[in-house]
Amino acid sequence: MASGLSNGTRFFRGCRTLLDSLKSATQAYSSTPAVSRKGKLKAAVSGQKSVAGPKKEPNRPTGILKAVQVSPTLAGFLGMSETSRAEAVKQIWAYIKLNNLQSPADKRQINCDEKLKSIFDGREKVGFLEIGKLLSPHFVKSG
């Protein structure tokens with residue numbers, strides 16, 4: 001039994017040695033400035049200020065958030081000659097909800113009135129997934 005005990009103490013001494021070396025390594029890392037996931041240095045708690053890089057231009061809207069010229073038909077409906085796709089869809093949905101134009105049986109179907117028919121190529125009913133496709137011709141492409 002004495003040999004089993006000595007083997008056990010050797011094993012635990014080895015773990016302590018490993019843990020001690022791990023502890024000293026983590027202390028060495030903790031004394032360096034913290035680095036975020038994106039690789040940028042974070043300001044240390046001790047009051048160091050991070051070095052600011054060159055000033056970037058503010059992000060300009062792109063894609064569906066970029067304001068572009070719209071057709072006269074859509075401009076008459078919205079009341080503005082330039083808008084983003086997202087804002088146009090938002091205002092059309094507000095109009096649909098305000099005038100209760102969704103089909104009561106199937107909320108995905110929109111029953112078009114005269115104003116919506118002018119935008120949606122004269123269609124009586126439109127599915128809500130078709131709105132984006134039917135609005136595409138109303139946005140003027142800028143080249």
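These legends walk through several close-up views of one predicted protein model.

Because this is a prediction, local features need pLDDT of at least 70 and side-chain atom pairs count only at pLDDT 80 or more, while totals for chains, interfaces and linings use all residues. Residues are numbered from 1 along each chain as its sequence is written, and side-chain values use heavy atoms, with hydrogens and water left out.

**View 1. The whole chain, element by element.** You'll find five helices and four strands here; these are DSSP runs, numbered from the N terminus, with helices being H or I of at least four residues and strands being E of at least two. Follow the sequence and the pattern reads α-β-α-β-α-β-α-β-α. Of the 143 residues, 20% count as buried (buried is under 20% relative accessible area, exposed is over 50%, and partly exposed is in between, using a 1.4 Å probe and protein chains only). Take the contacts between residues at least 6 apart in sequence: 27% of them join residues at least 24 apart (contact means heavy atoms within 4.5 Å).

View 2. The score to look at is pLDDT, the predictor's confidence in each residue, from 0 to 100. The protein averages 78, and 62% of the residues score at least 70. Among the elements, helix α1 (residues 2–30) has the lowest mean, 60, while strand β3 (residues 109–111) has the highest, 95.

**View 3. The largest nonpolar core.** A nonpolar core is a set of buried Ala, Val, Leu, Ile, Met, Phe, Trp, Tyr and Cys residues joined through side-chain atoms within 4.5 Å. The largest one here has 21 residues, and L74, I92, L116, F120 and L135 have the most contacts inside it. Helices α2, α3, α4 and α5 (131–135) each give two or more residues to this core. Zoom in on F120: leaving out residues up to four places away in sequence, F120 touches I92, C112, V126, I131, L134 and L135. In soluble globular proteins, nonpolar side chains tend to be buried together.

**View 4. Two rings, F77 and Y95.** Rings of Phe, Tyr and Trp (its six-membered ring) pair if their centres lie within 6.5 Å; planes under 30 degrees apart count as stacked, over 60 as edge-to-face and the rest as tilted. By that rule there is one aromatic pair. The ring centres of F77 and Y95 sit 5.0 Å apart with planes at 75 degrees, so this pair is edge-to-face. F77 belongs to helix α2 and Y95 to helix α3, so the pair ties together parts that are 18 residues apart in sequence. Both F77 and Y95 are buried.

**View 5. P72 out in the open.** P72 is in helix α2 (residues 72–78) and counts as exposed, at 75% relative accessibility. P72 and H138 are 66 residues apart along the chain, yet their C-alpha atoms are separated by 8.2 Å.

**View 6. Two loop residues with positive phi.** N100 has a phi of about 55 degrees although it isn't a glycine, and D121 also has a phi of about 55 degrees without being a glycine. N100 is in the loop between α3 (85–98) and β3, whereas D121 lies in the loop between α4 (114–119) and β4 (125–127). N100 is exposed at 62% relative accessibility, and D121 is exposed at 59%.

**View 7. K125 on its strand.** K125 is in strand β4 and is partly exposed, at 47% relative accessibility. Skipping neighbours within four places in sequence, K125 is in contact with Q109, I110 and N111.
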